[in-house]
Amino acid sequence: MDYVLPLTELIEQFRKLPGIGAKSAQRLAFQMLSWDKKEIEKFANSLLKASNDIHYCPECFNFSTGGGVCNICSSSKRDKSTVCIIASVRELATIERTHEFKGLYHVLHGLISPMDGIGPDNLKIKELLNRLSRHSEINEVILALSPSTEGEATTLYLTRLLKPLIKKITRLSFGLSVGSDIEQTDELTLAKAFEGRRECI
Ligand SMILES: [Zn+2]
């Protein structure tokens, strides 16, 4: 059945979201139309505000606001000699929840995946090399990438690339099956994976 045009357009917008099919998109659009105007305005404004105010930290590519570096890079409580490399900001949030890691991060914004046409140039790797050359105090890099095919390919690539530049390169010791995701890992397991991290050879 055809809906009125504004509703069809709204459904189309929801369909752009990951994991949302035609039926879910219709459900969301109908649900939202039942909200009162004030709630709808609040929702639309948060979306606009987030999109306008959030930018990437120029050091680590975490989300930041206000134009400068993020709250982790600017904190005096963080250990500036250790950088943990992760694929996404979502994983950064998962690791932060463990309270185990006190160093800094570097977000790659993806993993090497030749099947999807994603190579090293599509990730924040050039930026990482640049950062390492500017900060000689960094003496350990922790590769905290999921043990998937893409995660392993990226870990291998970075180990080779960083070996001549950094004293100590470590990776998390996962007591997890291959294919598991950092984001899905519980905090205790992740804390242990940090504690038991081992040197890459
Ligand atoms: Zn930062």
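Helix α1 (residues 5-15) and helix α2 (residues 22-33) have axes that come within 8 Å of each other and cross at roughly 120°, where axes are lines fitted to C-alpha atoms, for helices over the stretch in contact, and angles run from 0 to 180 degrees between N-to-C directions. That makes α1 oblique to α2, since angles under 35 degrees count as roughly parallel, over 145 as roughly antiparallel, 65 to 115 as roughly perpendicular and the rest as oblique. The model is a predicted one, in which local features need pLDDT of at least 70 and side-chain atom pairs count only at pLDDT 80 or more, while totals for chains, interfaces and linings use all residues. Residues are numbered from 1 along each chain as its sequence is written. Helices (H or I, at least four residues) and strands (E, at least two) are DSSP runs, numbered from the N terminus.

Where the two helices meet, Leu7, Leu10, Ile11, Phe14 and Arg15 of α1 are in contact with Ala22, Ala25, Gln26, Leu28 and Ala29 of α2, contact requiring that the C-beta atoms, placed from the backbone, lie within 7 Å.

Turning to the strands, five of them form an open sheet of mixed pairing, in the order β4-β3-β5-β6-β7, and two strands pair if DSSP finds at least two bridges between them. Because β4 (104-107) and β7 (198-199) stand at the edges with a single partner strand each, one side of each is left without a neighbour in the sheet. Within the sheet, β5 (residues 140-143) and β6 (residues 168-171) pair in the parallel sense over four bridges, and Leu143 stands opposite Arg171 in β6. Helix α4 (residues 89-98) packs on the sheet, touching β3 (82-86) and β4, and its direction makes about 130° with that of β3.
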